[in-house]
Amino acid sequence: MITRLNNSLNNLVNNQSASGIAIFLAVLAAMIWANSPFQESYQDFIHTEISIGVGSFFLSETLLLWVNDGLMAIFFLQVGLELKREIIGGKLSSFRKAILPIGAAIGGMVVPALIYLIFNLNTPTEHGWGIPMATDIAFAIGVLSLLGDRVPAGLKVFLVALAIVDDLGAVLIIAIFYTSGISYVDLLHGVLFILLLVGGNYIGVRKAWFYALIGIGGVWLAFFFSGVHPTIAGILTAFTIPGRVKIKEEDYLKNLQKLHLKFLETKAIKGNFISEEQLGILEEIKQKSDDAETPLQKIEHHLAPIVGFFILPIFALVNTGIHIHGDIIEILSHPVSMGITFGLLVGKFTGILGAGWLLVKFRLAELQQGVSWRHISGVSMIAGIGFTMSLFITELAFQNEEYTFIAKLTILFASVLAGVIGVSILRQSRKVAIIKKQKVIN
């Protein structure tokens, strides 16, 4: 009973769709709080000053900034680890595997940005062109998971790879276009710390604390003071973490078998304790097992529940407490709102679908078995769920509170609409497939 309960809890914690539910609940809580009689306490909460210091070093910022600049760096660390894993041996490990999601992701970023600029070019709000370019991986996969086995496995693979590339694109956009007032001395310090991490990887350092200590205490702080958004430190640190095992699988299994036999041959002490010799064997088994794991996957595995059930819900809580006021029709017809709405709904759909179709048309890529263009259409619409990354870029793009309010409200509206339409398309594709199958049988 306890084992089953533990397995259920582990599956829940490692389930991205469950993470999406946690984020949704955080959004709901933030919206209720910000539109309740206690709305002032919400503002007090997100602007609470939090200070940390060691000796003469002292850093004091608001909760909102600590979350957006600090905790989100850990989110980007996880994104970087996932991206590196997929490049080394996953969905992006070969040209044939990678070209379709990469091309589709690029199309899904370029077209929404252009659509936003159509509504906002040469206006004070044109700097927000990066807002509709992003896809929220947790929400998108969560929505797709609602359909369960009714969608082919290849479609989920396509969406995950697409969202990972999309996240990398968002990081590059933040680094290049949403960074100002760079201190090159501090940036140089950050680069030196990164080189130190690269050197550690090269000489075989596999301890997580080494990368965490230098990544946070060195790279993150250097980027924070440099003017380059410190979340970039997360993804750069991720690429320095070893992604290869120290011992091959066949050698590990041989060693494990020998140690198992050796353990059985030794005499145990009666009672609850084992012998010193057996204890040494168990420690050796632990070491061999550690060598059979990549530090990359180990860190990614431990970070997943922290990011999914703590960092992203906290991010949602402090960023989506929007006090709704004014004329909703007027707000949704504002150029910022129009650019984001059409960018997420039309731009994502046409960009992903169009780029994918061209790649397949010119035989540079091919659809996975069981995946149809109707399926790609549905996923292209679901990718219009911008949420986390769109909200994040909004904070960087606008200093004006009115523009920020309009953008955040529109992101919520457009993301919900994209999810609903996307699921409807996929459900319709399921019905069409069943009808065609029945005709063939008859």
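1. Thr266 lies in the loop that runs between helix H11 (249–265) and helix H12 (276–292), where helices are DSSP runs of H or I with at least four residues, numbered from the N terminus. The model is predicted, so that local features need pLDDT of at least 70 and side-chain atom pairs count only at pLDDT 80 or more, while totals for chains, interfaces and linings use all residues. Residues are numbered from 1 along each chain as its sequence is written, and side-chain values use heavy atoms, with hydrogens and water left out.

2. Thr266 counts as buried because its relative accessibility is 11%, the limit for buried being under 20% relative accessible area with a 1.4 Å probe and protein chains only.

3. The side chain of Thr266 reaches the backbone oxygen of Phe263 at 2.7 Å, and a polar contact of 3.3 Å links it to the side chain of Gln278; a polar contact is a pair of N or O atoms within 3.5 Å, one able to donate a hydrogen and the other to accept it, and residues adjacent in sequence count only if both atoms are side-chain atoms. Leaving aside residues up to four places away in sequence, Thr266 touches Glu277, Gln278 and Ile281, contact meaning heavy atoms within 4.5 Å.

4. The domain assignment, which is automatic or from a database, gives domain 1 (16–179 + 229–244 + 294–428) and domain 2 (249–289). The centres of domain 1 and domain 2, taken over C-alpha atoms, are separated by 46 Å.

Conventions
Helix = DSSP H or I, 4+ residues; strand = E, 2+ residues; numbered from the N terminus. Buried < 20%, exposed > 50% of the residue type's maximum accessible area, 1.4 Å probe, protein only.
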